[in-house]
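Here are my notes on the model you sent. They are meant to be read beside the structure.

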Amino acid sequence: MGEVITFTSGKGGVGKTTTTANVGAGLSLLDKKVVLVDTDIGLRNLDVVMGLENRILYNLVDVLSGRCRVKQAVIRDKRFPNLSIIPSSCTKEKNPIDLQKMKLLLQDLREDFDYILIDSPAGIDQGFSLATADVDRIVVVTTPQIAAIHDADCVLQILKKQKRADVCLLINGFRRHMVKDGDMLDVPDICELLDAPLLGVVLEDENIIIAQNHGEPIMGQKGSKHTISEECYRNIAGRIAGEDIPIPDYIRSTGIFSRLFFKKKVSGGVVNV
Amino acid sequence: MFKTHSGNVAKERLRIMMTEEKQKLDDETMERIRREIGTVITRYVVIDPENVEVKVTLKDYKKRE
């Protein structure tokens with residue numbers, strides 16, 4: 001049975017899609033069968049970031065409204081082992097998406113894939129409910145910027161009220177030099193404010209923009225040189241897959257953050273990783 | 001002035017915002033408090049319990065600001 005993980009944030013533009021794409025690619029490089037599902041109805045961009053926009057025949061809305069079978073909407077990314085995506089539509093939908101149908105789709109995908117990663121839309125309304133219903137784990141993505149942290153807190157409070165377990169935090173766009181100058185919140189500050197277990201930190205990396213211009217994930221491209229964010233994504237993918245990878249302390253280069261941050265679900269109970 | 005240690009400024013602003021938002025009472029609870037306080041006051045003063053306005057502020061926040 002596959003695990004469904006949603007990447008959400010509250011605020012837009014913090015890197016949900018980039019994270020979904022690269023963590024997905026990272027998991028597929030660990031020989032996991034992965035499908036990425038774009039649930040931002042009307043504003044599709046996962047396929048664009050992945051460079052698969054020309055291969056779309058059917059999308060998520062087609063699947064949910066019964067216009068096609070699930071397999072017809074799944075696009076295989078040939079550059080990676082076992083990586084696929086289900087794109088979203090780019091037209092405004094007249095009918096709201098049926099939550100129940102989304103749950104059934106996830107049940108189907110759980111049979112065929114090890115990991116189903118959902119790229120959630122920004123905000124906390126319908127699309128958020130659709131992206132977070134019936135999932136196994138929710139990753140709240142934030143940058144160290146004040147508005148992003150504030151919105152991440154709003155999302156975390158909503159999830160707390162829903163009594164959702166397995167919610168964790170991912171800090172994206174971390175700029176070491178700014179933190180060293182005292183002009184950006186450090187990882188422990190953000191964790192203290194948001195009070196959620198930390199899945200990982202992704203350093204700011206211009207190569208991400210360049211890779212996306214080409215329609216490529218930053219992960220493990222053959223022949224490309226390794227970049228600073230690639231390692232971050234690789235670590236995050238490893239942690240999700242249950243590997244014991246500590247989170248490096250990028251400011252005090254000697255240390256690592258304690259391992260109490262992220263809990264990996266193990267059948268029958270929860271253990272610290 | 002915006003250059004130096006603005007991270008700390010952000011942290012403090014976030015801390016205040018988040019604590020306030022978490023302490024915020026929902027409308028239903030506020031209405032219950034208003035009614036109960038109104039009832040208590042009518043035991044001592046002749047007023048219409050519906051005609052009472054209640055505002056809750058916490059001393060601690062004022063101090064911090």
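1. Which residues of α7(A) are buried? This is a predicted model, and in it A:A148, A:I149, A:H150, A:D151, A:A152, A:D153, A:V155, A:L156 and A:L159 are buried. Their packing partners in chain A are β1 (3-8), β6 (137-142), β7 (167-174) and α9 (187-194). They also pack against α1 of chain B.

2. The length of helix α7 (residues 146-161) of chain A checks out. Just after α7(A), A:K163 has a positive phi of about 55 degrees.

3. Now a helix pair within chain A. Helix α1 (residues 16-29) and helix α11 (residues 228-240) of chain A pack at about 65 degrees. Their axes are 8 Å apart. The crossing of α1(A) and α11(A) is right-handed.

4. Which residues make that contact? From α1(A) come A:N22, A:V23, A:G26 and A:L27. They meet A:Y233, A:R234, A:I236, A:A237 and A:I240 of α11(A). By class, this contact has six nonpolar, two polar and one charged residues.

5. On confidence, the model scores ipTM 0.79 and pTM 0.84. Chain B has an average pLDDT of 79, and 80% of its residues score at least 70. Among the elements of chain B, helix α1 (residues 6-23) has the highest mean pLDDT, 89. Helix α3 (residues 59-64) of chain B has the lowest, 54.

Methods: Residues are numbered from 1 along each chain as its sequence is written. Chains are lettered from A and ligands numbered from 1 in the order in which they are written. This is a predicted model: local features need pLDDT of at least 70, side-chain atom pairs count only at pLDDT 80 or more; totals for chains, interfaces and linings use all residues. pLDDT is the predictor's confidence in each residue, from 0 to 100. Helices (H or I, at least four residues) and strands (E, at least two) are DSSP runs, numbered from the N terminus. Axes are lines fitted to C-alpha atoms, for helices over the stretch in contact, and angles run from 0 to 180 degrees between N-to-C directions. A crossing is left-handed if the near helix is turned anticlockwise from the far one by less than a right angle, and right-handed if clockwise. Two residues are in contact if their C-beta atoms, placed from the backbone, lie within 7 Å. Ala, Val, Leu, Ile, Met, Phe, Trp, Tyr, Cys and Pro count as nonpolar, Asp, Glu, Lys and Arg as charged, and the others, Gly among them, as polar. A residue is buried if 20 or more other C-beta atoms lie within 10 Å of its own, exposed if 12 or fewer, and partly exposed in between; C-beta atoms are placed from the backbone.
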